[in-house]
Number of protein chains: 2
Amino acid sequence: MPSVPQESGQRGWLIPIGGAEGKRKDSVILKRFVALCGGEAAKILVIPTASQLDETGPAYVELFEEMDARALCMPVETREQCFEEQIVAKLDVATGIFMTGGNQLRLSTILGGTPVARAIRRRHAEGVPVAGTSAGAAIMSEHMIAGGRSGPSPRESGVELAPGLGLTNRAIVDQHFSQRGRMGRLLSALSFNPFICGLGIDENTAAFINADGVFEVVGRGTVTVIDPSGLRHSSMSRVRKAQAVTLTDLRLHVLAEGARYDLEKREALVTGDG
Amino acid sequence: MPSVPQESGQRGWLIPIGGAEGKRKDSVILKRFVALCGGEAAKILVIPTASQLDETGPAYVELFEEMDARALCMPVETREQCFEEQIVAKLDVATGIFMTGGNQLRLSTILGGTPVARAIRRRHAEGVPVAGTSAGAAIMSEHMIAGGRSGPSPRESGVELAPGLGLTNRAIVDQHFSQRGRMGRLLSALSFNPFICGLGIDENTAAFINADGVFEVVGRGTVTVIDPSGLRHSSMSRVRKAQAVTLTDLRLHVLAEGARYDLEKREALVTGDG
């Protein structure tokens, strides 16, 4: 369960990005994130833990600074570091949190259950926007897609799940969606328990989810929404190893820039001009 | 429009196969096709026109003969040949018609509108099963997917359509579906006019469509059904070149072996054991 916001507060924006987002000064996704964090008053904390490349975090810091925000990279490589008070203190003053790409299992195994993870959840509940790209997007949901097969058919053993940060329990996110053919693993994830919505986010595309659970698509690709709430039949419990699975009566929305979706009401909100 | 069956007759089975089907003597898809053609009494006409390889047609003849059917390859390479009476005469005695893979534009440009195309439609309306794999599956529908982009997002210019043989006007078929990431081009095709159902057929998988428009899935992959009849919003008419398209409120079914779907009623028919 996501942390419960204070009475006075409102949950922060949650911004899963499908990876490979534009990294120029005028790039629409990151620029909009910076604006939500306070623009020139923003203090953005970059968490590069998913990545094993030393340059990943500093590159985002440089980019956010080019956009006139302040930014700081917080390299966390071990669980031990996640218990250090000065690291948690940095989260307490941040007006925005950004998690880079890499391997989401590094995020879950290093941050999971530590004071850092708790602080991210608390700050988000207090209103701080949290963005993440690729692995940094996957980690956001309560149940996270850690790996799986490519291709559009759901299969037994088609997906590996792991606990995520739990910043939302309304959706499960998959990224590089079009580019890596991940419909099947997202469907496999939903077949286990269809109470959540599946969001397949393309590269250079983001879902800007507001405090009410309504998101807007920003970027060049699409967000594929699979709403399994009407699922009438799933053969997942009966199929043999790696076999294809039957799933009927799912609702599918493919949303390009400007289109919105209400994760609470499970409803696409598109105007005639959307 | 498909040819109208004689009062006495019933339309033949239509069997689109997603390509790369098993080609051993005991392969489930082709064996079932042979049985529908009459088993040992079958006279199957193989149309290898989609392929530019000389061995494609004879290989299927050999395979059908190993299954104890009679089979004959009808190499048609030019439109002129499609006007020869002895070629049409071969269709008149066939109890089954099989179209090989290759390039569906060869099928449509060589056979389209000729006496051979008309004879295939007539024989199918009279009750003769028609199977086709890959390009041979694509050509079956009234509106055929001739090409397009891979990836799951529908896009402006995301698909190239061409007239097919029109053996069904209930569905549009795409093949090698999982294997080549074709959700986007199938969605693009449906966005132009959502009155038909989209069938995305995986490799080594087939939809056996009966005279009533109910099909059963046979094979190792899945048939993805996209039913656009509830489509509430499409931005296809407004987007710019190659841009992503918003499509909302589609119904999605992913059907594995044994699952059935009614193309008339737009309803998945899956029992508790399916």
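User: What rotation superposes chain A on chain B?
Analyst: A rotation of 180° with 0.0 Å of shift along its axis does it, with an RMSD of 0.0 Å. That superposition is by least squares on the C-alpha atoms of residues with pLDDT of at least 70 in both copies. The two copies are thus related as by a two-fold rotation axis.

User: Which C-alpha of chain A is nearest the axis?
Analyst: That of A:Arg251, 2.4 Å from the axis.

User: And through what surface do the copies meet?
Analyst: They meet through the same surface, because 100% of the interface residues of chain A are also interface residues in chain B.

User: Before I go on, what are the ground rules here?
Analyst: This is a predicted model, so local features need pLDDT of at least 70 and side-chain atom pairs count only at pLDDT 80 or more, while totals for chains, interfaces and linings use all residues. Residues are numbered from 1 along each chain as its sequence is written, chains are lettered from A and ligands numbered from 1 in the order in which they are written, and side-chain values use heavy atoms, with hydrogens and water left out.

User: Where is A:Ser134, and is it buried or exposed?
Analyst: A:Ser134 is in the loop between strand S5 (130-133) and helix H6 (135-138) of chain A. Helices (H or I, at least four residues) and strands (E, at least two) are DSSP runs, numbered from the N terminus. With 11% relative accessibility, A:Ser134 counts as buried, because buried means under 20% relative accessible area, exposed over 50% and partly exposed in between (1.4 Å probe, protein chains only).

User: What does A:Ser134 touch?
Analyst: Leaving out residues up to four places away in sequence, A:Ser134 touches A:Ile17, A:Gly18, A:Gly19, A:Gly101, A:Gln175 and A:His176. Contact means heavy atoms within 4.5 Å.

User: How about A:Glu203, where is that?
Analyst: In the loop between strand S9 (197-201) and strand S10 (205-209) of chain A. At 22% relative accessibility, A:Glu203 is partly exposed.

User: What joins the side chains of A:Glu203 and A:His176?
Analyst: A polar contact of 2.7 Å. That term means a pair of N or O atoms within 3.5 Å; within protein, one must be able to donate a hydrogen and the other to accept it, and residues adjacent in sequence count only if both atoms are side-chain atoms.

User: Last one, B:Ser141. Where is that?
Analyst: B:Ser141 is in the loop between helix H6 (135-138) and strand S6 (143-148) of chain B. B:Ser141 is buried, with a relative accessible area of 0%, and a polar atom of its side chain lies 2.9 Å from the backbone oxygen of B:His143.
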